[in-house]
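Reader: I am new to this structure. How should I read its features?
Author: Let us take them one at a time, starting with a general idea each time.

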Amino acid sequence: MRETFALVGFFEILMVLFMQWEIYTKKIITTFSISSYIIALFLFYLGIVQNSPYVIALSLISAFVRGFFIPWYMKRRIVRDHWREREIKPVISTAMSIVISLLIVVFAYVLYRITFYNSIHLVEGSIPMALLLQGAFLIISRRNAFIQLIGYMTMENALFLFEGYLFPGLPFIVEAGIVLDLIGIIAIAGVVVRMMKNSSVEMNESDELRG
Amino acid sequence: MLVFLSVVQLLYVLLLSPLVFGILSKIEERIESKKGPSIFQPYYDLYKLFRKEIIVPNHSSPIFHRAPYVSFAMYSLLTLVLPIITAFPLQFGPTVDFIGGGLIFGAAALVKKLAALDSRSNYSHLGLSRAASMGALAEPITVLIFIMLGVISGTNNPYVINNVLQSSSKWYLSLTHWFVAGAFFMVLVVELGRLPIERHSTAELGMIDQGMSMEYSGMDLAFEKWGGYVKKFLLMSVFLNVYTMPFFVPMKLDLSSVFVYSGVHFLKLLGLVIGIALFEESISKFRLFKNFDYLAFAFSLAFLSFLAFYTTVGRV
């Protein structure tokens with residue numbers, strides 16, 4: 001089980017690094033969808049191994065909401081907002097942001113070792129912590145509201161991974177609450193994106209040529 | 001016997017390396033629904049170039065003329081020390097480890113860069129500056145990869161690494177190993193000069209390696225090209241024999257198994273060539289400055305192997 005968790009965790013870290021590399025919003029959403037499906041699959045496996053219907057239910061809800069519904073909804077929105085299809089001017093250059101994201105993983109490992117590790121005693125616990133901070137950095141490093149939203153949900157995914165593996169006994173209502181909470185966030189984000197679109201500056205030809 | 005096998009390995013690499021790239025071109029053309037050149041086209045090209053007149057730029061020094069031969073000799077030397085058709089060290093095998101091999105690769109690249117600088121051609125300088133800036137970032141990644149392989153096997157000897165990965169499924173299936181293999185594949189694409197890093201034609205301003213050899217002609221160009229084929233063949237062989245498919249490589253001195261493996265190795269290379277062709281046909285070229293993002297991601301993979309080691313195996 002520890003190996004599976006490490007495998008899924010590192011794959012998730014790799015996915016976030018890939019999101020950091022990518023500038024096309026649709027590809028980032030698809031990557032997020034894949035990473036959500038993988039977490040859902042892991043939770044499903046965990047539920048079966050631990051014989052816990054709550055974790056199985058959580059994995060199914062997670063797969064539907066994060067793997068399918070939210071990415072589908074966001075892609076539908078993007079069709080309406082063509083100019084948001086890619087990040088034109090990231091806050092930090094792409095190569096630098098990949099390296100910073102990597103350093104964050106190292107930082108999370110060190111932070112975890114001197115804090116939570118003393119009570120949990122599982123070295124793999126640093127993986128969700130790294131994902132959490134990487135998600136936060138994705139939000140900081142991009143201007144595009146869709147990508148920032150993906151960053152937020154990556155943080156949520158990290159929490160899912162953390163509690164699903166390390167605290168399987170956590171009340172189901174809390175976890176399901178987070179999932180439902182996300183739908184609300186998406187609805188608010190839709191409004192915010194619309195407002196941002198109305199107040200956005202026009203793109204010119206030279207912006208098109210930027211990486 | 002070891003000397004004999006060294007000669008066999010040298011001939012194997014020198015003679016088959018152009019064929020591999022002829023096959024690669026043919027496959028790519030077939031994917032694009034074109035007929036494409038014969039798979040022996042690189043041999044025809046080399047034959048033609050060997051008979052052509054050599055023209056050297058007026059202002060170049062002797063470095064320019066001698067560089068292709070020096071780099072070709074260096075790549076030939078590397079052929080004698082890397083595990084290509086055997087997993088046991090040949091006559092010159094113990095002389096260098098991975099770092100030593102990397103240094104010879106680096107020295108050959110340096111000679112080529114000096115020659116490009118010496119050609120006084122703007123296009124060569126353009127290619128040179130690009131290759132140098134890419135190389136400055138790609139080399140540390142390669143060193144990181146070697147260090148990580150050293151962590152896995154406890155040595156930097158490619159033969160030992162092959163033996164460890166061939167006999168230990170724990171290491172072969174480990175996250176650490178696969179992150180290293182992924183990083184090496186990304187660096188391999190850079191070194192091979194393939195898409196998305198570089199388009200293999202001289203007809204565009206995105207060229208890197210092609211630009212460096214623009215002033216060469218005749219036999220000089222033939223050796224430059226042939227050396228390039230050998231270098232790429234070696235890197236692909238190392239990728240297969242040490243990183244991803246260390247299986248079936250003969251670990252004991254047995255002539256018949258070495259000859260059988262020579263065929264198997266060529267089949268492995270064909271598999272890799274098909275993979276590269278499909279990869280190239282499904283991706284478009286990056287803009288030049290985007291190449292550095294690519295390298296940053298390759299670095300991330302190499303570095304993640306460290307973290308995977310400490311998280312899963314090392315548990316420090």
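Author: Start with burial. A residue is buried if 20 or more other C-beta atoms lie within 10 Å of its own, exposed if 12 or fewer, and partly exposed in between. Keep in mind that this is a predicted model.

Reader: Is B:Leu272 buried or exposed, and why?
Author: B:Leu272 has 20 other C-beta atoms within 10 Å, so B:Leu272 is buried. B:Leu272 lies in helix H11 of chain B, residues 255-281.

Reader: Which residues does B:Leu272 touch, leaving out those up to four places away in sequence?
Author: B:Leu272 touches B:Met236 and B:Leu240.

Reader: How do I compare distance in sequence with distance in space?
Author: Take two pairs. B:Leu272 and B:Pro57 are 215 residues apart in sequence, and their C-alpha atoms are 38 Å apart in space. B:Asn291 and B:Val190 are 101 residues apart in sequence, with 9.0 Å from C-alpha to C-alpha.

Reader: Where is B:Asn291?
Author: B:Asn291 lies in helix H12 of chain B. B:Asn291 has 23 other C-beta atoms within 10 Å, so B:Asn291 is buried. Leaving out residues up to four places away in sequence, B:Asn291 touches B:Met134, B:Ile197 and B:Phe286.

Reader: Where do the two chains meet?
Author: The contact takes 16 residues from chain B and 20 residues from chain A. On the chain B side, helix H12 (residues 291-314) gives the most, with 11 residues. By class, the side of chain B that touches chain A has 9 nonpolar, 3 polar and 4 charged residues.

Reader: What elements make up chain A?
Author: Chain A has 9 helices and 0 strands. From the N terminus on, its elements run α-α-α-α-α-α-α-α-α. Of the 211 residues in chain A, 40% are buried. Now look at contacts in chain A between residues at least 6 apart in sequence: 73% of them join residues at least 24 apart.

Reader: How do I read the packing of two helices?
Author: Look at the angle and the distance between axes. An angle over 145 degrees counts as roughly antiparallel. Helix H3 (residues 53-80) of chain A packs with helix H7 (residues 145-166) of chain A at about 175°, and their axes are 12 Å apart. H3(A) is therefore roughly antiparallel to H7(A).

Reader: Which residues make that contact?
Author: H3(A) brings A:Val55, A:Ser62, A:Arg66, A:Ile70, A:Met74 and A:Ile78, while H7(A) brings A:Phe146, A:Met153, A:Asn157, A:Phe160 and A:Gly164. They divide into 7 nonpolar, 3 polar and 1 charged.

Reader: How do H6(A) and H7(A) pack?
Author: Helix H6 (residues 126-141) of chain A and H7(A) pack at an angle of about 170°, with axes 7 Å apart. H6(A) and H7(A) are therefore roughly antiparallel to each other. Residues of H6(A) in this contact include A:Pro128, A:Leu131 and A:Leu132, and those of H7(A) include A:Ile147, A:Gln148 and A:Ile150. By class, the contact of H6(A) with H7(A) has 14 nonpolar, 6 polar and no charged residues.

Reader: How do I check the length of a helix?
Author: Compare the expected span with the distance between the end C-alpha atoms. Helix H5 (residues 122-153) of chain B has 32 residues, which at 1.5 Å a residue should span 46 Å. Its end C-alpha atoms are 45 Å apart, which agrees. H5(B) also bends by about 30° at B:Gly135.

Reader: What about H8(B)?
Author: Helix H8 (residues 175-192) of chain B has 18 residues and should span 26 Å at 1.5 Å a residue; its end C-alpha atoms are 25 Å apart, which agrees. H8(B) is mostly covered, with 15 of its 18 residues buried.

Reader: Which residues other than glycine have one?
Author: One of them is A:Asn51, with a positive phi of about 55°. A:Asn51 sits in the loop between helix H2 (25-50) and H3 of chain A. A:Asn51 has 8 C-beta neighbours inside 10 Å, so A:Asn51 counts as exposed. Another is B:Phe248, with phi near 70°. B:Phe248 sits in the loop between helix H10 (218-244) and H11 of chain B. With 16 C-beta neighbours inside 10 Å, B:Phe248 counts as partly exposed.

Definitions and conventions. Residues numbered from 1 in each chain as written. Chains lettered and ligands numbered in written order. Predicted model: local features only at pLDDT ≥ 70, side-chain atom pairs only at ≥ 80, totals over all residues. Helix = DSSP H or I, 4+ residues; strand = E, 2+ residues; numbered from the N terminus. Contact = placed C-beta atoms within 7 Å. Axes fitted to C-alpha atoms, helices over the stretch in contact; angles between N-to-C directions. Parallel < 35°, antiparallel > 145°, perpendicular 65-115°, else oblique. Nonpolar A, V, L, I, M, F, W, Y, C, P; charged D, E, K, R; others polar. Expected span 1.5 Å × (residues − 1). Bend = angle between axes of the 7 residues up to and from the residue.
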